[in-house]
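These are my notebook entries from going through one structure. I wrote down what I looked up, in the order I looked.

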Amino acid sequence: MRFAVVQFGGSNCDRDVLHAVSDVCGVDCDLVWYKDGITKDYDAIVIPGGFSYGDYLRAGAIAARTPVMEGIRRHAAAGGLVLGICNGAQIGAESGLVPGTFTTNATPKFICRPICLRVETTASPFTRLYKEGEVIRVPIAHKEGRYVASPEELTRLNAEGRVAFRFCDADGNVTPVANPNGAAENITGVLGGPAKNVLCLMPHPERASEEVLGSADGKKIFLGMIRGIEEAGSRA
Amino acid sequence: MMKYTAKITIALKEGMLDPEARAIQHALANLGFSTEALSTARVFFITIDAENEEAAKAEAERMCERLLANPVIHRYEVEVGA
């Protein structure tokens, strides 16, 4: 089994994800420079957080249009797992891996703090190890993380069970007060792909994968992916 | 081929929240300026070679569709001059 973490100029959570996948979860993981492209079969591709291209134009816009994304789109279209975290989620949305977009926070400032998320569905490789409605603690760190989608798209996301996570309070209530960035319907994790095999989320599970970091709640995202790959049979 | 300059304005769609505009409006209010409405937009000036003005405009619009605008939140306007 092998994961890839794609590095763009300006990625800065690539090594944190590498640590979470390889040291914490014990799975082989390559760092792949975006110019080198996806040249191997990987079981999962992670687009990490950071500030690719300095967030010029819009966060994720320029990275989303680099050739490496073709390989990632093909991987996703074939049912391969793709996890976009923070800037990776912005890149994923900009490249059409998930519908909607992540844009400037309702209060236009950078927010970096632990946050509560409610698990909205367990019917995905990323969320299968949680319980539905479970509240998990994972930090956010972004200025352009407010999820926006058209009303029709939101209806479809809800109907198809493609909302993975919503911001909530400690008791799991999804309220405006618990919504740090003004995201539509408190949504901060969206599933895409033919088999919900793409997850784009603003919170950082790799920063919540060990108790020493204050929370290990995010680790189950990686472990869920690994479990799914084990069951389906690794191809890498 | 002729040189044309396209002025491309990218703005938020009607009804989209514009947090930066809101912050700027507050700042203006603090300076004593009363504003009824304020929105922000981004302008690009791009010089391109094209057969004619229509072709230059079409090329600039393709740039908007492919990169400059995000159709989820943006609308765009292209003006072309020689």
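**Entry 1. Kind of model.** I noted first that this is a predicted model.

**Entry 2. The sheet in chain A.** I looked up the strand order. Chain A has an open sheet of nine strands, in the order β2-β1-β3-β4-β11-β10-β9-β6-β7, and the pairing is mixed. I then asked why one side of β2 and of β7 of chain A is left without a neighbour in the sheet. β2 (28-33) and β7 (135-142) of chain A are the edge strands and each has a single partner strand, so one side of each has no neighbour there. From one strand to the next, the twist averages 25 degrees.

**Entry 3. The β7 end of the sheet.**
- β6 (residues 111-119) of chain A pairs with β7(A) in the antiparallel sense, over eight bridges. A:R113 has A:I140 of β7(A) as its bridge partner.
- β6(A) also pairs with β9(A), again antiparallel, over four bridges. Here the bridge partner of A:C116 is A:C168 in β9(A).
- β9 (residues 163-168) of chain A runs antiparallel to β10 (residues 187-192) of chain A, and three bridges join them. A:V163 is opposite A:V190 in β10(A).

**Entry 4. Strand β4(A).** I wanted to know how many residues of β4(A) are buried. The count is five of its five residues, so I marked the strand as mostly covered. Both faces are covered: A:L81, A:L83 and A:I85 are buried on one side, and A:V82 and A:G84 on the other.

I then checked the neighbours of β4(A). β3(A) runs parallel to β4(A), with four bridges between them. A:I45 stands opposite A:V82 in β4(A). The chain goes from β3(A) through α2(A) to β4(A), and I recorded this β-α-β crossover as right-handed. β4(A) pairs with β11(A) in the parallel sense, also over four bridges. In that pair A:G84 stands opposite A:C200 in β11(A).

**Entry 5. Residue A:I85.** I picked one residue of β4 of chain A, A:I85.

Entry 6. I looked up which strands helix α2 (residues 68-77) of chain A touches. Helix α2(A) packs on the sheet against β1 (2-7), β3 (44-47), β4 (81-85) and β11 (198-201) of chain A. Its direction makes about 125 degrees with that of β4(A). Helix α3 (residues 87-94) of chain A also packs on the sheet, touching β3, β4 and β11 of chain A. The angle between the directions of α3(A) and β4(A) is about 120 degrees.

I listed the buried residues of α2(A) as A:V68, A:M69, A:I72, A:H75 and A:A76. They cover an arc of only 115 degrees around the axis, which puts them on the same side of α2(A). Their cover includes β1, β3, β4 and β11 of chain A. Just after α2(A), A:G79 has a positive phi of about 95 degrees.

**Entry 7. Helix α2 of chain B.** I repeated the check on helix α2 (residues 53-68) of chain B, where the buried residues are B:A56, B:A60, B:C64 and B:L68. Seen down the axis of α2(B), they fall within an arc of 85 degrees, so they line one face of the helix. These buried residues pack against β1 (2-12), β2 (41-50) and β3 (74-81) of chain B. On the face turned away from the buried side I found the exposed residues B:E54, B:R62, B:E65 and B:R66.

**Entry 8. Contact between the chains.** Last, I looked up how many residues each chain gives to the contact. Chain A gives 15 residues and chain B gives eight residues. The chain A side that touches chain B has five nonpolar, seven polar and three charged residues.

Note on methods:
Residues are numbered from 1 along each chain as its sequence is written. Chains are lettered from A and ligands numbered from 1 in the order in which they are written. This is a predicted model: local features need pLDDT of at least 70, side-chain atom pairs count only at pLDDT 80 or more; totals for chains, interfaces and linings use all residues. Two residues are in contact if their C-beta atoms, placed from the backbone, lie within 7 Å. Ala, Val, Leu, Ile, Met, Phe, Trp, Tyr, Cys and Pro count as nonpolar, Asp, Glu, Lys and Arg as charged, and the others, Gly among them, as polar. Two strands pair if DSSP finds at least two bridges between them. Helices (H or I, at least four residues) and strands (E, at least two) are DSSP runs, numbered from the N terminus. Axes are lines fitted to C-alpha atoms, for helices over the stretch in contact, and angles run from 0 to 180 degrees between N-to-C directions. A residue is buried if 20 or more other C-beta atoms lie within 10 Å of its own, exposed if 12 or fewer, and partly exposed in between; C-beta atoms are placed from the backbone. The arc is that of the directions from the helix axis to the C-beta atoms. A crossover is right-handed if, with the strands pointing away from the viewer, the path from the first strand over the helix to the second runs clockwise.
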